Amino acid sequence: SSGINAEYGGADTCVILGSRILEKPRDPADARETLAQLSGKTVEVITAVCICYAGACNSFHVSTEVEMAHSSEERIRQYVETGEPMDKAGSFGTQGQGAVLIEQIKGCYFNVMGLPLTRLTQELQKMLDH
């Protein structure tokens, strides 16, 4: 052991429709196409997290179901024009204007935002307690 007490972590979120992993859109047309496919469907949002502290690492994942609202072409076009979906897996976010595209969330809201805060806090506390 080097005696260094380093702390670090990382997380990444993916959106899954059926058996397809939805990435960030390539361009506005790709975002519109993805959102049209998601309209009225349920997707799974999974965030994988790895945290390291005092030489120990812990990894976990959290899954949340997101039921998308039925959205018209016009609503999708207006949302894409905001630029908001361009850096988001699945072309949508729960925060900001993307909230109107979501009918219901089953599970951790913060997981859909990209970091499951409650679970992360629980896991960090376990590491600190050991």
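1. Helix packing. In this predicted model, helix α1 (residues 28-38) packs against helix α2 (residues 73-81) at an angle of about 140°, and their axes lie 10 Å apart. Helices are DSSP runs of H or I with at least four residues, and strands are runs of E with at least two, numbered from the N terminus. Axes are lines fitted to C-alpha atoms, for helices over the stretch in contact, and angles run from 0 to 180 degrees between N-to-C directions.

2. Orientation. The two helices, α1 and α2, are therefore oblique to each other (under 35 degrees counts as roughly parallel, over 145 as roughly antiparallel, 65 to 115 as roughly perpendicular, the rest as oblique).

3. Contact residues. From α1, Pro 28, Ala 31, Arg 32, Leu 35 and Ala 36 meet Ile 76, Arg 77, Tyr 79 and Val 80 of α2, where contact means heavy atoms within 4.5 Å. By class, this contact of α1 with α2 comprises seven nonpolar, no polar and two charged residues (Ala, Val, Leu, Ile, Met, Phe, Trp, Tyr, Cys and Pro are nonpolar; Asp, Glu, Lys and Arg are charged; the others, Gly among them, are polar).

4. Pocket lining. β1 (7-17), β2 (20-22) and α3 (109-113) each supply at least two residues of the lining of the largest pocket. The largest contribution is from β1, with three residues. The lining of the largest pocket divides into eight nonpolar, four polar and five charged residues.

5. Basis. Residues are numbered from 1 along each chain as its sequence is written, and side-chain values use heavy atoms, with hydrogens and water left out. Local features need pLDDT of at least 70 and side-chain atom pairs count only at pLDDT 80 or more, whereas totals for chains, interfaces and linings use all residues.
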